[in-house]
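Look at the model before reading on.

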Amino acid sequence: MLKVRARSSILADKVRRDSDFALIAAEYGEIDQLWRVVSHQLDQVRGLDRESKNLIARMKQLDRKLVELLQTGPQLKRIDLLRQTSAMTNAMSILLEDIDIELSREPKKFELLREGQRVEQRIIQVSNLLIDRQSYNSIKREYLSFRDSWNSFATRLRPYHNRILSRGIQRIVQQDRSIQELLWLPQDGVNLPEIAHLTEALKRDVDEFYRRATLRLLISLPPANYISTSDEFYGTVENLIDTVNHNESTQDLITSFSYIDQSWKEFSTLFHSVESPAALQLLDKVNDSIDALRISLRIEQPSDSINTVKLIVGLEAQSAQLSIVAEQWLATESPSFRRSTQDAIREFSAIAHELHRISLRQPVPMALMRTKSSELFEIWFRVHEKISRCETREKYQLQETAVRITQMLMDLRYATK
């Protein structure tokens with residue numbers, strides 16, 4: 001959303017000063033491309049209030065009007081899509097190799113391989129349509145055909161309860177969701193047969209660990225209340241099984257899974273000190289099963305934190321570069337405009353420097369960091385509005401520096417939100 005906001009604000013400034021319709025349409029096409037993906041992601045967010053939903057609907061309406069006025073049409077992120085479909089093809093190829101090895105004694109192996117090869121050809125065809133720059137509707141239609149054939153194929157594979165095949169299936173499920181976003185397809189609800197299969201796999205892994213965790217093994221561990229911790233974790237697993245078996249709502253499934261997630265952290269910490277490679281391997285299998293369930297329930301893991309100090313240092317460096325290039329350009333401008341631009345750049349650099357000092361405090365005062373990063377973001381719009389007027393040979397250097405600073409600022413806002 002910060003990217004959409006920044007790009008829209010910059011284009012709004014250009015529209016006020018420029019009447020080059022083709023240039024404005026091209027730039028809005030890129031914003032539309034970004035907004036479609038973001039709005040699609042927002043549609044999947046659970047628990048948004050009515051006001052937020054109304055704002056999203058209003059933005060969608062405005063986007064449609066702008067697309068119509070500027071005649072840009074849907075702008076696919078073709079390179080990203082091609083990258084994802086190629087990764088999907090690779091994942092299908094690995095899965096077929098795994099079927100060949102893991103089901104070597106199964107009478108239906110060759111039948112499964114032939115069906116899998118047909119599915120693989122469908123995703124290759126999607127890539128070919130992208131390379132040939134075919135229409136959005138053609139690509140969407142072919143991808144939906146691939147998904148139908150893939151879902152049927154995955155249903156046939158799951159009953160084998162093979163861990164390696166299950167990993168291959170999950171890899172493709174994740175890839176499918178990335179492609180759905182890029183094609184603006186409505187996300188499916190929770191796949192109950194898939195959840196049931198994964199829950200069964202988790203139960204088997206947990207039962208196997210309990211069978212292998214002998215009394216002698218437990219005696220070797222430091223003193224702790226193993227019985228209550230084990231009891232609690234096993235209870236959360238059984239609770240999820242009951243929730244699945246009773247076909248309860250997606251929210252109930254997510255709630256049941258959250259109990260497992262919380263209990264697993266304590267259980268895993270407790271038993272990871274066992275001196276048994278086999279037991280540790282089983283714990284890893286349980287962890288993999290929990291991760292697979294998390295993916296199927298569309299529960300996001302916290303993202304890695306951004307190195308805030310590194311970002312702020314980068315902003316300081318870029319503001320210094322901006323000042324040097326701007327001085328060369330401003331030498332040809334009127335004194336009043338030169339002074340106001342210099343003042344805006346100096347203010348931006350001063351806030352960036354102050355943020356650097358704040359970020360080095362221990363503990364870091366996050367409320368102050370948020371305030372200052374917001375100030376930095378706001379002053380940047382003033383700076384950007386001024387440097388956008390450059391029409392001398394420094395224009396492209398200023399534009400490149402501006403793009404880097406805008407991206408860093410968006411990352412900083414995310415890191416300090």
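Axes are lines fitted to C-alpha atoms, for helices over the stretch in contact, and angles run from 0 to 180 degrees between N-to-C directions. Helices (H or I, at least four residues) and strands (E, at least two) are DSSP runs, numbered from the N terminus. This is a predicted model: local features need pLDDT of at least 70, side-chain atom pairs count only at pLDDT 80 or more, and totals for chains, interfaces and linings use all residues. Residues are numbered from 1 along each chain as its sequence is written, and side-chain values use heavy atoms, leaving out hydrogens and water.

Q: How are helix 13 and helix 14 oriented to each other?
A: Helix 13 spans residues 308–330 and helix 14 spans residues 335–359. Their axes lie 9 Å apart, at an angle of about 165 degrees. Angles under 35 degrees count as roughly parallel, over 145 as roughly antiparallel, 65 to 115 as roughly perpendicular and the rest as oblique. The pair is therefore roughly antiparallel.

Q: How many nonpolar residues does the contact of helix 13 with helix 14 have?
A: Ala, Val, Leu, Ile, Met, Phe, Trp, Tyr, Cys and Pro count as nonpolar, Asp, Glu, Lys and Arg as charged, and the others, Gly among them, as polar. Beside 8 polar and 3 charged residues, the nonpolar count is 13.

Q: In which handedness of crossing does helix 2 pass helix 3?
A: Helix 2 (residues 21–43) and helix 3 (residues 50–70) pack at about 150 degrees, axes 10 Å apart. A crossing is left-handed if the near helix is turned anticlockwise from the far one by less than a right angle, and right-handed if clockwise. The crossing of helix 2 past helix 3 is left-handed.

Q: How are helix 8 and helix 12 oriented to each other?
A: Helix 8 covers residues 192–212 and helix 12 covers residues 277–296. Their axes come within 9 Å and cross at roughly 165 degrees. Helix 8 and helix 12 are therefore roughly antiparallel.

Q: Which residues form one aromatic cluster with Phe209?
A: Rings of Phe, Tyr and Trp (its six-membered ring) pair if their centres lie within 6.5 Å. The count by this rule is 10 aromatic pairs. Phe209 clusters with Phe233, Trp264 and Phe267.

Q: Over the ring of which residue does the charged end of Arg36 sit?
A: A charge sits over a ring if NZ of Lys or CZ of Arg is within 6 Å of the ring centre and within 35 degrees of the ring normal. The charged end of Arg36 is 4.6 Å from the centre of the ring of Trp184.

Terms used. Phe/Tyr/Trp six-rings, centres within 6.5 Å; stacked < 30°, edge-to-face > 60°.
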